[in-house]
Amino acid sequence: MARFLTVALTLAALSCAAAGIGRAQTLQRLTVTTFVLGADTSRPQIEVPFHLVVTLNVRERISAVENLELPILAELELLGDERRLEARPSGTQYRETITVVAHHTGSISIAPATLQAIDARDGRAKQYFTNPLTLQVVGGSLEPLQAGESFAGAALDLARRALLWGLGIACVAAVLILALRRRAPPVPPPVVVAVAPARPVVARTLRDELGDALSVLRADPTRATAVTVRAAVWRTVGGSEGETLADVLHRPAAADPRVRDVLRALERAAFTYDADLAAAVPAACAALERYLA
Amino acid sequence: MSVRPATLTAALERTIVGQRGVLDALLLALLCNGHVLLEGPPGLAKTLACRALAAALDGEFKRIQFTPDLLPSDIVGTRVFDQRESAFATVLGPIFANVVLADEINRAPAKVQSALLESMQERQVTIGPQTHPLPDPFVVMATMNPLDSEGTYALPVAQMDRFLMKVNVGYPSRAEELEILERFAMNERRPLHGVATLADVRAWREEARAVHVDEKLKRYIVDLVASTREAGGVRVPAGNGEAVSVASLIDYGASPRATLALAYLARARALLEDRDFALPDDVRAVAPHALRHRIGFNYRLTTQGVAADAAIDALIASVPAP
């Protein structure tokens with residue numbers, strides 16, 4: 001069962017990675033300079049709308065941003081979404097402002113937004129992440145004293161609230177001091193919350209993909225797995241849906257004779273007759289091992 | 001160890017310079033038990049290729065020059081009265097050979113063409129009361145000259161469908177032509193004899209039939225043929241640079257015979273490459289040859305300035321390989 005689960009998870013991971021890289025054929029070619037997620041307040045109040053802002057700066061002149069994924073805002077209610085694309089001398093700025101409201105107090109963690117694009121600097125498909133965001137939702141503003149309350153009670157309540165505010169401010173100050181000591185990234189001017197510059201995540205290498213392919217094929221030496229692995233390896237070397245082996249062998253990434261052997265062996269495993277599969281899959285594994293050696 | 005088809009290819013290449021397409025077509029037809037229609041200008045070693053193939057197999061080669069006054073009996077044979085024996089004797093025509101070159105098939109009238117095509121299909125000839133089986137293997141390579149169409153009788157598409165494949169023969173490259181000059185200008189090289197036997201060909205044919213075609217590949221073949229009937233959104237650049245719909249250029253698509261031909265040819269190509277399973281590359285490589293003469297293009301193809309092969313390539317490219 002555990003083996004099956006491992007195979008299934010690896011297959012899923014391989015397919016996802018392959019699909020991500022496969023999309024590289026239609027990804028935008030961008031030079032990302034900044035990609036940040038911010039909010040107009042770090043301490044939003046309960047039931048008071050506030051804004052989350054995703055800002056993307058690229059050097060190219062573009063008319064739309066594709067493959068940008070916003071984080072899932074499970075703890076907030078979405079009220080609106082506004083997108084703005086602005087041409088600048090340095091390129092284009094994309095700004096997406098999401099209006100949200102919190103219904104509960106406490107800490108809210110927002111995952112980074114992601115962008116998939118081809119890095120125009122090196123031509124590789126990459127996934128970019130913004131910074132994550134943590135917000136502290138606090139209670140509403142002080143309510144007016146109700147008529148009929150005694151002065152002493154009101155004074156006591158006021159003192160209690162003042163104490164709570166004092167404690168809160170002290171906590172925030174302590175957090176800020178700690179954050180400064182840990183050299184938190186500088187806060188960019190348009191947003192309140194500290195943000196980090198975009199950190200491009202380099203696409204998985206051919207070696208990584210072929211390593212995964214070998215694990216998957218060894219764990220599940222069936223035709224279906226061979227077909228999945230073949231598709232994943234094809235995408236890794238730049239092949240796209242609907243091409244044939246001859247097309248893929250013309251790709252620059254397939255110039256290495258060991259890669260060519262892998263591609264041919266996987267083609268055999270995908271199309272040979274059932275009786276030959278018992279020999280074809282080990283042959284594909286052997287070709288993968290030769291590449292990884 | 002028995003001879004492999006690749007050995008025959010290599011032997012033919014020692015005689016014929018370039019024209020790999022013609023050689024492959026001949027071998028594929030041989031392995032599929034089919035016939036080839038060649039279209040190209042004269043002087044491109046078509047006759048030499050046929051003669052070399054027959055010699056390499058120690059088989060018999062015959063060439064029939066089609067002319068407007070040719071009669072069916074000139075091809076299949078006839079019965080003549082033998083005065084010494086006082087009886088009719090059958091004289092077999094030139095079609096009784098292993099490799100037959102039907103040169104400029106479109107120069108003969110329909111009656112003669114149909115006699116040849118019937119023999120190709122039935123693999124036997126009836127002369128008088130007797131039926132004579134044609135030799136096995138039996139492959140016809142028919143040529144059509146596209147440059148000189150005056151006084152010709154165009155083959156109807158239904159007749160062309162009987163050919164397994166149609167190959168367009170082009171001019172050799174400069175390097176190939178230089179080699180032709182080297183090889184043949186001073187001393188004509190004689191074809192190699194006895195590279196393989198006719199029995200070898202029959203054995204290869206059985207092997208080709210057993211080549212595995214995966215389900216995914218079968219669906220790909222069917223999709224390819226269906227694309228000729230449902231060209232939908234496929235577009236191809238016209239002479240004026242604008243893209244035109246391929247569907248608007250086609251009156252009728254390929255028949256199910258094309259589906260069978262594609263499968264046979266893919267199997268044979270796999271065998272030529274010493275594989276016992278076919279690949280998408282095999283199907284795609286043979287698809288233009290199997291579809292070219294089976295698609296009924298209309299007048300718009302000419303008026304829009306679209307090359308038929310460009311339209312076929314666009315159709316093939318529109319179907320994703322598995």
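Analyst: Let us begin with one residue of this predicted model.

User: Is H4(A) mostly covered or mostly uncovered?

Analyst: A residue counts as buried if 20 or more other C-beta atoms lie within 10 Å of its own. By that criterion, 11 of the 14 residues of H4(A) are buried, and the helix is mostly covered. Among them are Ala226(A), Val229(A), Arg230(A), Val233(A) and Trp234(A).

User: How should I read a sheet, and in which order do the strands of the open sheet in chain A stand?

Analyst: Strands of a sheet pair through backbone hydrogen bonds, either parallel or antiparallel. In chain A, an open sheet of four strands has the order E2-E3-E6-E5, and its pairing is antiparallel. Strand E2 (32-39) and strand E5 (76-88) of chain A form the edges, each pairing on one side only. On average, neighbouring strands of this sheet are turned by 10° against each other, direction ignored.

User: How many bridges join E5(A) to strand E6 of chain A?

Analyst: There are 12 bridges between E5(A) and strand E6 (residues 91-102) of chain A, and the two run antiparallel. As an example of residues facing each other, Leu78(A) stands opposite Val100(A) in E6(A).

User: How many residues of chain A are in contact with chain B?

Analyst: On the side of chain A there are 10 such residues, in contact with 11 residues of chain B. Helix H5 (245-249) and helix H6 (257-271) of chain A are the elements that give two or more residues to this side. The residues on this side of chain A comprise four nonpolar, three polar and three charged. For the complex, the predictor gives an ipTM of 0.81 and a pTM of 0.66.

User: What does chain B contain, in helices and strands?

Analyst: Chain B has 13 helices and 13 strands. Of its 322 residues, 43% are buried. Among contacts in chain B with a separation of 6 or more, 80% join residues 24 or more positions apart. The mean pLDDT of chain B is 88, with 96% of its residues reaching 70 or more.

Terms used. Residues numbered from 1 in each chain as written. Chains lettered and ligands numbered in written order. Predicted model: local features only at pLDDT ≥ 70, side-chain atom pairs only at ≥ 80, totals over all residues. Buried ≥ 20, exposed ≤ 12 C-beta atoms within 10 Å, placed from the backbone. Contact = placed C-beta atoms within 7 Å. Pairing = 2+ DSSP bridges. Axes fitted to C-alpha atoms, helices over the stretch in contact; angles between N-to-C directions. pLDDT = per-residue confidence, 0-100. Nonpolar A, V, L, I, M, F, W, Y, C, P; charged D, E, K, R; others polar.
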